[in-house]
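Student: Could you show me how to read the features of a protein structure? I would like to go through them together.

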Amino acid sequence: MGIAAMVGAPIKRREDPRLITGQATYVDDIKLYGMLHMSVLRSPYGHARINSINTEAAKNHPGVVAVYIAEDLKGAVGTIAVAVPLGEITKGMGIRTPLAEGKVRYYGDPVAIVIAEDRYTARDARDLIDVDYEPLPAAIDVEKAMQPGAPLLYEEFGTNVALSMPPPGEDIEKAFEQTKADGGIVVKARLVNQRLIPVAIETRGVVAEYRKSDKSLTVWSSTQIPHILRNILAATVGLPQHQVRVITPEVGGGFGSKLNVYPEELVAAFASMKTGHPVKWIEERSENMVATTHGRDQVDYVEIAATREGKVTGLKIHAISDMGAYSQLFTDVVMIALGFPVSCGAYDIPVLHLQGDIVFTNKTPTDAYRGAGRPEATYIIERAMNLVARELGKDPADVRRINFIQPEQFPHKTAAGAVYDSGNYEVALDKALQLADYQSLRAEQARRRASGDGKLMGIGISSYIEICGFGPKGSLPAGGYESARVRVEQSGTVLVYTGSSPHGQGEETTFAQIVAEEFSIPIENVLVMHGDTDSTPEGRNTYGSRTTAVGGPAVYTAAQKLKEKMKQIAAHMLEASPSDITLEDSNFFVTGSPQKAVTFAEVAAAANISNTLAPGIEPGLETTVFWEPENCVFPFGTHVCVVEIDKETGEAEITRYVAVDDCGRQINPMIVEGQLHGGIAQGVGQAMWEGAVYGEDGQLLTATLMDYAMPLASELPSFELDSTVTPTPVNPLGVKGVGEAGTIGSAPAVANAITDALGVAHVDMPFTSEKLWNVIHQA
Ligand code: MCN
């Protein structure tokens, strides 16, 4: 493969050998001299008053070094960070201390920590802490929690509702009335986007080491956000930023659940500062199910109006976000800031009304989970498009087609306020339908229905769009730029330090592809480093499918800058003008005369040794770039799902899954496919099996992997993937994100297939056999 074709090459991920041969270092592999271990006592109640805590017996247990409760942290550790406080949260509602004070508000709420010589002693001593709880009624159902008289998590506020957006005004009602007057339709539905538990393979973990000698705090954490953690940690434990260093070793999956600053990171740091020893905490699996943020949990009321031809004339959404017991970093903005902007989906919808409530309940806090807000928004619009098709007796593909925003309309400002960068939605739909052989599928369905087949066949389409690449000013509270430092060593080896923090996505490979292509050198000569706040420039890290679209251009721009400088140096060496120099196949030469060349390594050596540089040329080859885009990017695609439901058992099987996705220019198509595989599996998991279930008292009934049904590879079909390529004008690489696209597009495709098979307007996820059997047998 030629060096120049690096971008777009489906090369294998260079991070995989160490991952699949057990050579990688995770937080639990960190072992430091004198290290102590932490265990966290958590609330066994959904809601209870803490009358007293007696830690004497635990403190006296052999091997125990310290036991801390909320009182001990006062004045030493601040509250858990909320990135953008909204509504009552600005007044303190939902703001948590790292250890519960006065009250526990969910099953799993941390109450005390034990620091001991080993993990098992810490765990045993935890049982010796005596907490006098007074159980309280719990607010579990989000809609009931909004009603007067519901048990209150924060009594002083007199409500569980942190923010309520105003109900619909005249515009949308007029649009609906007019549509009806013109003979059109209005369809309504209540959709539940159930609560999910992220379940990364590696649970969370932290090692904190405070050195009294230089007052420095080093924290190894299984986090997606080393710089954000460093900055917040420093502010919360009262150290200057430069005295705190965060290192992310290998991270075994995050999916948004490690995009937070958690109580355990703060209390481990506090314990290390107090005891003078390094402190390690590794989350247990059952602990992970309650202590790490959950995702989704939204109840949505949708009303959509359309002409008899199927052209949508208005859309009204009332969405209620269940935040759980506290606001974590992004809990309060997931629905409003990430979901609402894509409420119109891929469609040109003239009038939109968005109403939202964000509500506290006695459950684990929710926050970002792969897609964060966008799967919920996509589910609403994609289910709504099917409801329109059903009401009008039209093919769901046709209804989508006549509503699509057209290619010439980009950049396109939607009624939700977002400005879509580029798109060609119909081409992706057509390609997916062709790949699925849609007409034949519909014909087969008609045949099987007529013959009274024992299985109900359903076909579902989802034409999603997403917003990602969070980077423009104002899109993140502390700036959404990304950074890159590129250094060319004397040998010609290139070191790339990125402010992003990939944790499974593969940027060690794709960023190296970008640099190898720019420098026209073998990829083996490029190393990509990330995840250590002391060696990488200030970054905003990895989430919201931003790393390639924001971090990629930072790397690219830095490489470009150095390339220009290297051309100047080469020109001097070749006694030519810099504008005449070409770089190809690791050689700089005068354009048109490749025989007279200096190699990339020779120029690197000249720059670093400096003795032969022309006057005025600064020695060395190193540069740092901070790159900030002007807009987010909007990937899109169409997914087609085919299901069969056994009439006798209600069991649903996905028999085919076709997806055509467009993430702009692809850096590495093999990685893009891998991301789509994982993403689709997670969306299908939500549709078919997953769901966190709470008892009325606030107990999590699905707190182990025996009760919480994760998708199994054996239950998934082979995914049939293809793509279209519509570059974005937002960044110089033309790339959009792909890390969440599969999750966003897939759940609605499955839901549309299931309802199509059953011939009903709507069934809530997950599509368990029992639920589907009841629908079939009550019909
Ligand atoms: N890519 C590409 N060409 C493009 C777009 C992306 O080759 N046009 C490549 C990238 O260079 C990168 C991968 O695809 O190797 C994903 O890139 P991107 O879409 O930029 O997403 P991020 O790297 O920002 O990853 C975040 C995203 C999110 S938000 C979640 S959640 C998620 C996901 O990635 N969590 C993951 N994928 C995951 N994959 C793994 N293994 N583990 C997780 O926790």
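Tutor: Let's begin with crossing helices. A crossing is left-handed if the near helix is turned anticlockwise from the far one by less than a right angle, and right-handed if clockwise. Helices (H or I, at least four residues) and strands (E, at least two) are DSSP runs, numbered from the N terminus. Before we apply this, note that the model is predicted: local features need pLDDT of at least 70, side-chain atom pairs count only at pLDDT 80 or more, and totals for chains, interfaces and linings use all residues. Residues are numbered from 1 along each chain as its sequence is written, and side-chain values use heavy atoms, with hydrogens and water left out.

Student: In which hand does α11 pass α12?

Tutor: That crossing is right-handed.

Student: At roughly what angle do the axes of α11 and α12 cross?

Tutor: Axes are lines fitted to C-alpha atoms, for helices over the stretch in contact, and angles run from 0 to 180 degrees between N-to-C directions. Angles under 35 degrees count as roughly parallel, over 145 as roughly antiparallel, 65 to 115 as roughly perpendicular and the rest as oblique. Here, α11 (residues 374–392) and α12 (residues 396–403) have axes that come within 8 Å and cross at roughly 115°. The pair is therefore roughly perpendicular.

Student: Which residues of α11 and α12 meet?

Tutor: Contact means heavy atoms within 4.5 Å. From α11 come E382, M385, N386, V388 and A389, and they meet P396, V399, R400 and N403 of α12. Sorted by class, this contact between α11 and α12 has 5 nonpolar, 2 polar and 2 charged residues. For the classes, Ala, Val, Leu, Ile, Met, Phe, Trp, Tyr, Cys and Pro count as nonpolar, Asp, Glu, Lys and Arg as charged, and the others, Gly among them, as polar.

Student: How are α15 and α16 oriented to each other, roughly parallel or roughly perpendicular?

Tutor: The axes of α15 (residues 507–519) and α16 come within 9 Å and cross at roughly 30°. These two helices are therefore roughly parallel to each other. Their crossing is right-handed. On the α15 side, the contact includes F511, I514 and F519, while α16 contributes residues including G551, V555 and L562. By class, the contact of α15 with α16 has 8 nonpolar, 5 polar and 3 charged residues.

Student: Is Y347 buried or exposed?

Tutor: Buried means under 20% relative accessible area, exposed over 50%, and partly exposed in between (1.4 Å probe, protein chains only). Y347 has a relative accessible area of 1%, so this residue is buried. Y347 sits in the loop between α10 (334–339) and β15 (352–359). Beyond four places in sequence, the contacts of Y347 include E382, M385, R400 and N403.

Student: And is T498 buried or exposed?

Tutor: T498 has 0% relative accessibility, so T498 counts as buried. This threonine belongs to strand β20 (residues 494–498). F511 is 13 residues away from T498 along the chain, and their C-alpha atoms are separated by 9.0 Å. T498 also touches F511, along with S483, V528, M529, H530 and T536, if residues up to four places away are not counted.

Student: What is a nonpolar core?

Tutor: A nonpolar core is a set of buried Ala, Val, Leu, Ile, Met, Phe, Trp, Tyr and Cys residues joined through side-chain atoms within 4.5 Å. In soluble globular proteins, nonpolar side chains tend to be buried together. The largest core here has 161 residues, and L217, L233, Y420, Y657, V750 and F767 touch the most other members. Apart from that core lies another, of 49 residues, among them V486, A516, L574 and L613.

Student: Where are there cis peptide bonds?

Tutor: Most residues other than glycine have a negative phi, and most peptide bonds are trans. F410 and P411 are joined by a cis bond with omega about -5°, and M765 to P766 is cis too, with omega near -10°. P411 lies in the loop between α12 and β16 (412–413), and P766 in the loop between α19 and α20 (769–778).

Student: What about the phi of E575?

Tutor: E575 is not a glycine, yet its phi is positive, about 55°. E575 lies in the loop between α16 (547–574) and β22 (581–584). With 73% relative accessibility, E575 counts as exposed. K215 also has a positive phi, near 55°, and is found in the loop between β9 (205–211) and β10 (216–221).
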